[in-house]
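Good morning, colleagues. I would like to take a few minutes to go through side-chain interactions in one model, which I now put on the screen.

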Amino acid sequence: MSDFEKGVFLGRVQLSTGGHPRIVTLRDGKAIDITAKAAPTVRDICEMEDPASYVKSAPGEAVADIEALINGRAKGVRLLSPVDLQAVKASGVTFVVSLLERVIEEQAKGDPRQADRLRSEMLDLIGDDLSQLVPGSDAAMAVKAKLIEKGVWSQYLEVGIGPDAEIFTKCQPMASVGHGAEVGLHPVSTWNNPEPEVALIVSSGGTILGATLGNDVNLRDVEGRSALLLGKAKDNNASAALGPFIRLFDGDFSVETVKAMEVALEVRGEDGFVMTGNSSMSQISRTPESLVAAAIGDHHQYPDGLVLYLGTMFAPVQDRDGEGKGFTHKLGDVVTISTPSLGSLVNTVRLSTECARWTYGVRALMGDLAKSGLI
């Protein structure tokens, strides 16, 4: 569990009485509603000169105990994704392990039965050559030349060690789900996995303001058939989870903290299956700052800011239903992603067609805020 008492946390909740989502911070074991006309959205707070100072001093009223809210037992209050109007973007192939797995997906053509053989062949070819490479460097280009010569160059290797990062849209603003929600798999998929990640909160000016946890739910078979199916593999109803809260940067928490994070994953199935793993941010091949710069700048603006998933090094290869069959989700899996400074993001796996439909978008939010006199 993160230290909710020391950090400056920001989130969103929905009251059972309806109306607009409430903006909350955490103080003295309580979730405090700080929604105000000066900042009726998380986006508005993130566009301030000093969001952490504003949140620390903003007046408000308690709406729930933190523990009850996190555990889903707060009467009449539930957690939402902590972002609202921000674009939801993601970076891929930012760790060597995930790079290898993407190449395997591509060469397996979406067939998980080929994964073990291909993994062994790839490791025999490249060994540890990629582990210390700086993407786009002369050394990286030399490895690229060697792999092209051997006939195993890949579009995933291009974004993994080449000069340009992979940045894609994970979902639309207002479409991400929060802690305690169900996460969705497209019904066509039979080979899929969670992706435990840290996500950065970035202002419209490109300033990194804080971080939260994310599950970049992925369909390995769909993306493996063709990278042009990335949208279908990544962006489905309830396929982007964020939370439980944004932790804003202050004197005790910074991008350097993010770079040192160890992110843990646990998948616990109704069949008794348990899988655990870790993703060490120190192993990322592109710095968080460089990934943000690839997403926002003179080449691309986001007037409401963005949240950026940083990628994962965790590649689930543990056999689930027999030797050589690898890992894939089963409905009812409970996925827990955690790190001490940010807490735990917990979601239950369902089909995207069975998760709560996304019906509350930007127009609905603006209408509710207007009704309340907040805009």
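I shall speak about salt bridges, then one arginine, then aromatic rings and finally cysteines.

This is a predicted model, in which local features need pLDDT of at least 70 and side-chain atom pairs count only at pLDDT 80 or more, while totals for chains, interfaces and linings use all residues. Residues are numbered from 1 along each chain as its sequence is written, and side-chain values use heavy atoms, with hydrogens and water left out.

Let me begin with charge pairs. A salt bridge here is a side-chain nitrogen of Lys or Arg within 4 Å of a carboxyl oxygen of Asp or Glu. The whole structure holds 16 salt bridges. In one of them, Lys30 meets Asp65 at 2.3 Å, N to O. Lys30 belongs to strand E3 (residues 30-33) and Asp65 to strand E4 (residues 61-65), so this pair ties together parts 35 residues apart in sequence; strands are DSSP runs of at least two residues, numbered from the N terminus.

Another salt bridge joins Arg320 to Asp271, with the closest N and O atoms 3.1 Å apart. Both residues are in loops, Arg320 between strands E16 (306-309) and E17 (334-339), and Asp271 between strands E14 (262-268) and E15 (274-280), 49 residues apart. Arg320 is buried, at 11% relative accessible area, whereas Asp271 is partly exposed at 41%. Buried means under 20%, exposed over 50%, and partly exposed in between, with a 1.4 Å probe and protein chains only. Lys330 forms a salt bridge with Asp321 at 3.0 Å. Through shared partners, salt bridges join Asp271, Arg320, Asp321, Lys330 and Asp333 into one network.

A polar atom of the Arg247 side chain does lie 3.1 Å from the backbone oxygen of Ser341.

Turning to aromatic rings, Phe4 and Phe9 have ring centres 4.9 Å apart and planes at 80°, so they form an edge-to-face pair. Rings pair if their centres lie within 6.5 Å; planes under 30 degrees apart are stacked, over 60 edge-to-face, and the rest tilted. Ring pairs link Phe4, Phe9 and Phe245 into a cluster.

Finally, the structure has zero disulfides, that is, no cysteine sulfur atoms paired within 2.5 Å. The sulfur nearest to that of Cys46 belongs to Cys171, 16 Å away.

Definitions and conventions. A polar contact is a pair of N or O atoms within 3.5 Å; within protein, one must be able to donate a hydrogen and the other to accept it, and residues adjacent in sequence count only if both atoms are side-chain atoms. Rings of Phe, Tyr and Trp (its six-membered ring) pair if their centres lie within 6.5 Å; planes under 30 degrees apart count as stacked, over 60 as edge-to-face and the rest as tilted. Helices (H or I, at least four residues) and strands (E, at least two) are DSSP runs, numbered from the N terminus.
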